[in-house]
Amino acid sequence: MKKFITTLALLLVAVASFAQETFTSSALSNSAKVNVEHRGEYYIGGVFSDKFEMASETYYSVLSRPVIEVKHGVILSDMFYISAGVSMQVFMGKCFPKVTDIEKWNTVIFPVMINFKHFAPLKASVKPYVSTSVGFPIVATSTFGHDLQGKGYVDAGIGVEYRSFLCEVGYQFNSLVLYGHDDISGTTMKFGGMYLKLGLTFK
């Protein structure tokens with residue numbers, strides 16, 4: 001697992017570097033007017049959800065959580081953004097609110113991702129865009145200990161950029177696998193939810 005996580009992290013960094021070198025060399029060789037710039041993004045926000053799925057059943061829980069996110073990559077001709085990033089999500093609510101003796105989630109995950117954005121080709125200070133990310137969630141700590149492990153991450157959203165400010169809404173999906181419990185060991189827990197993020201760009 002550690003080797004896989006390390007390999008994935010190195011791959012994400014390599015993707016951003018490779019994209020910059022590829023598009024820069026292509027622009028120079030073809031004399032095309034492709035403007036390539038380094039760009040980073042910082043976000044704060046939240047994910048809003050009150051249920052998850054496990055073993056084809058739906059369970060109600062306190063899953064709304066704060067999110068901090070950082071991305072770094074390249075933007076091409078002010079239209080396309082390719083980046084690698086990581087976010088931190090903190091699950092603090094009770095696992096099952098209607099059961100008083102069940103502990104809280106006390107879970108922190110770090111989804112590592114590759115992000116793609118496409119900005120509308122508008123000559124205006126406000127630029128709408130669509131965004132999607134794919135990656136892998138790393139479970140840092142949890143009530144379930146090492147029995148809870150990451151499986152997959154994906155999100156999709158729409159947003160607007162105004163100067164250096166970003167606002168984005170969408171839907172994200174985390175899948176985690178629960179081990180160490182005889183009757184449900186190896187079962188995938190699916191966490192979906194709407195998100196809202198506010199961000200800043202930097203170069």
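**Buried charges and their strands**

R39 and E161 are both buried in this model, which is a predicted one.

Me: Which strands hold R39 and E161, and how many residues apart in sequence are the parts that the pair ties together?
Reply: R39 and E161 form a salt bridge whose closest N and O atoms are 2.8 Å apart. R39 belongs to strand 1 (residues 36–48) and E161 to strand 8 (residues 148–162), so the contact ties together parts whose separation in sequence is 122 residues.

Me: Is R39 buried or exposed, and at what relative accessibility?
Reply: The cut-off for a buried residue is a relative accessible area under 20%. R39 falls under that limit and therefore counts as buried, its relative accessibility being 3%.

Me: What is the N to O distance in the salt bridge between E41 and R39?
Reply: E41 is itself buried, with a relative accessible area of 0%. Its side chain meets that of R39 in a salt bridge, and the distance from N to O is 2.8 Å.

Me: Which strand holds K117, the residue that pairs with E41?
Reply: E41 also forms a salt bridge with K117, in which the closest N and O atoms lie 2.9 Å apart. E41 lies in strand 1, so the pair ties together parts that are 76 residues apart in sequence, and K117 lies in strand 6.

Me: What is the relative accessible area of K117?
Reply: K117 lies in strand 6, and strand 6 (residues 107–119) is mostly covered, with 10 of its 13 residues buried. K117 is buried as well, and its relative accessible area is 3%.

Me: Which residues are linked in a network of salt bridges?
Reply: The structure holds 7 salt bridges, among them the contacts of R39 with E161 and of E41 with K117. E41 and R39 also meet in a salt bridge, and the network links R39, E41, K117 and E161.

Me: Which residue in strand 6 is the bridge partner of V90?
Reply: Strand 5 (residues 80–91) and strand 6 run antiparallel and are joined by 10 bridges. For V90, the bridge partner in strand 6 is V108.

Me: Which residue in strand 7 is the bridge partner of M113?
Reply: Strand 6 pairs with strand 7 (residues 126–141) in the antiparallel sense, over 12 bridges. The two strands form a hairpin, with 6 residues between them. For M113, the bridge partner in strand 7 is G135.

Methods:
Residues numbered from 1 in each chain as written. Predicted model: local features only at pLDDT ≥ 70, side-chain atom pairs only at ≥ 80, totals over all residues. Heavy atoms only, no water. Buried < 20%, exposed > 50% of the residue type's maximum accessible area, 1.4 Å probe, protein only. Helix = DSSP H or I, 4+ residues; strand = E, 2+ residues; numbered from the N terminus. Pairing = 2+ DSSP bridges. Salt bridge = Lys/Arg side-chain N within 4 Å of Asp/Glu carboxyl O.
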